[in-house]
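Please look over the structure shown below before reading on. The briefing that follows begins with the chain as a whole and then turns to single elements and residues.

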Amino acid sequence: MTLNRRLFLATLTATLAAPMVQAQTRPRVVVVGGGAGGATIARYLAKDAKGALDVVLIEPARTYYTCFFSNLYLGGFRTFESLGHTYGKLAADYGINVVHDYAVGVDRDAKIVTLASGVALAYDRLVLSPGIDFVEDSVPGWSTASQNAMPHAYKGGSQTQLLMAQLAAMPQGGTFAMVAPPNPYRCPPGPYERISMVAHHLKTNNPTAKILLLDPKDKYSKQGLFEEGWNKHYPGMITRIGPDMGGNAIEVRPDTMEVIVDGDAEKVDVCNVIPAQRAGNIAMLAGVTDANWAPVHPDSMLSKMDENIYVLGDATNQGDMPKSGFSANSQAKVAANHIRGALTGSKVFPAKYSNTCWSLITTDDGVKVGASYEPTPEKIASVESFVSQTGEDAALRKATYEESLGWYTGITTDMFG
Ligand SMILES: Cc1cc2nc3c(=O)[nH]c(=O)nc-3n(C[C@H](O)[C@H](O)[C@H](O)COP(=O)(O)OP(=O)(O)OC[C@H]3O[C@@H](n4cnc5c(N)ncnc54)[C@H](O)[C@@H]3O)c2cc1C
């Protein structure tokens, strides 16, 4: 280890560990994960508590690349750079202590989070918003060790770039395959928006190419809208193999670029494997998950397993809300209000949540599905919902797409200031 790095770690350790030995002047909230849930709650806690809370945000990446709109990058509608967001404003404008490190353990009795650097960080309340990890071996033949040959592109950043590079390098008339995930998973319309954007890319650059969608589910989000769009804009290009045709028993061979469907090996040029999912590792390590997801109280996002830990976003099992950035952002605001109430005595308002998921099918052809939600004793329940209709006119579809552009700017500003 270099002297500089040793000095840096020693200083960081002293700074972060100090409150464990000195009296803390302000209650501390540690937030693990600087994505849709974590960045939002850190900002709201710092902003609304007006300095009454010591907010520490733990996130390994210096730039967060959104998964939302990453499909639009594949379709040629966004640059990769436009998906990247940094944490500078959260530190400079909101006084959040942003620590670029990785949480590796939680001692719930001592209320301490341990980081990969060795720092032990005491908390009064802990928020976990680590997103998803994959269920190893859920697609026989695939593991995270093969993600360079067969990318998932279901976490933002380099995987998205890799899938784009593979798509662009496809031979003329080649085959793009996707192995879609089983429920529940992050962004229910995400795989199908991706199929639309890949089709748009191929129609422009490689019009004789084919898309093979291997899907373990009987039905999926906005299915009628996607199928209408695919028939209209990409006729003959997309073949979906559902569970009735073996889509629920796919095997892959990353070394030979083959997918095995119903016993038959098919050679493909790109294979996007989106495996089954579960809560991010740190939620599992903290012991706040029940099987694969973290159960939370519907009125607060407080863990059902620990009264000092909140869980947000994709990692949770909360009821009817889809695992989306919009949902995570909405849940973060409810939890921020609850934490402030607990630690500063501020008023706690009744929980209300909302979500909209937009998808782009082709240029200016946007569709959406959404709902508002309220807590019941059992779950976060959908109270009112809406969805785009088949046969809508072009002006409405364009307006829907434009609405999604406004949403992207709004949510990323809400997360990063
Ligand atoms: C292709 C695609 C398209 C999508 N499109 C949309 C869309 O249009 N609209 C929408 O609302 N949602 C969309 N989503 C879903 C959205 O990206 C997620 O639901 C959302 O990001 C979940 O927020 P989160 O806070 O739970 O997790 P994330 O945003 O993934 O954030 C988790 C963060 O935690 C960090 N982390 C993990 N473990 C640790 C640890 N141990 N220590 C420290 N940090 C850690 C990670 O580095 C990451 O930055 C899409 C997803 C995909 C894949």
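A residue is called buried when its relative accessible area is under 20%, exposed when it is over 50%, and partly exposed in between, with a 1.4 Å probe and with protein chains only taken into account. By that definition, 55% of the 417 residues of the protein chain count as buried. The model is a predicted one, in which local features need pLDDT of at least 70 and side-chain atom pairs count only at pLDDT 80 or more, whereas totals for chains, interfaces and linings use all residues. Residues are numbered from 1 along each chain as its sequence is written, and side-chain values use heavy atoms, with hydrogens and water left out.

**The chain as a whole**

- The protein chain has 10 helices and 24 strands, where helices (H or I, at least four residues) and strands (E, at least two) are DSSP runs numbered from the N terminus.
- The radius of gyration of the protein chain is 22 Å, close to the 22 Å that the globule rule gives for 417 residues, so the chain is as compact as a globular protein of that length; this radius is taken over C-alpha atoms, and the rule is 2.2 Å times the number of residues to the power 0.38.
- Taken along the principal axes, the box that the C-alpha atoms of the protein chain fill is roughly 70 × 50 × 35 Å.
- With contact meaning heavy atoms within 4.5 Å, 67% of the contacts in the protein chain between residues at least 6 apart in sequence join residues at least 24 apart.
- The protein chain exposes about 17,200 Å², and carbon and sulfur atoms supply 51% of this area, which comes from the Shrake-Rupley method with a 1.4 Å probe, where for residues only the protein chains shown count as cover.

- Helix H6 (residues 190-205) has 16 residues and reaches 22 Å from its first C-alpha to its last, close to the 22 Å expected at 1.5 Å a residue; the expected span is 1.5 Å times one less than the number of residues.
- Because 13 of the 16 residues of H6 are buried, this helix is largely enclosed by the rest of the structure.
- Helix H9 (residues 325-344) holds Gln331, which is buried with a relative accessible area of 1%.

**Cysteines**

- A disulfide is a covalent bond between the sulfur atoms of two cysteines, and the cut-off applied here is a pair of cysteine sulfur atoms within 2.5 Å.
- A search of the whole structure finds zero disulfides, and Cys187 is accordingly in none, with the nearest cysteine sulfur, that of Cys357, 5.2 Å away.
- Cys187 is partly exposed, at a relative accessible area of 27%.
- Cys271, by contrast, counts as buried at 0% relative accessibility, and its sulfur is 19 Å from the closest cysteine sulfur, in Cys67, which is too far for a bond.

**Loop residues and their spatial neighbours**

- Pro140 is found in the loop between strand E10 (132-134) and helix H5 (158-168), where it is partly exposed with a relative accessible area of 40%.
- Although Pro140 and Val252 are 112 residues apart in sequence, their C-alpha atoms are 6.4 Å apart in space, and Pro140 is in contact with Ile250, Glu251 and Val252 when neighbours within four places in sequence are left aside.
- Phe349 has its place in the loop between H9 and strand E22 (353-362), and this residue is partly exposed with a relative accessible area of 48%.
- The C-alpha atoms of Phe349 and His338, which are 11 residues apart along the chain, are separated by 8.1 Å.

**Backbone geometry**

- Most residues other than glycine have a negative phi, and most peptide bonds are trans.
- A cis peptide bond, with omega about -15°, joins Asn183 and Pro184, and Pro184 lies in the loop between strand E11 (175-179) and H6.
- Ala291 has a positive phi near 60°; this residue is in the loop between helix H8 (281-285) and strand E19 (294-295), and it counts as exposed at 63% relative accessibility.
- Asp364 has a positive phi of about 60° although it is not a glycine; Asp364 is found in the loop between E22 and strand E23 (365-375), and it counts as partly exposed at 29% relative accessibility.
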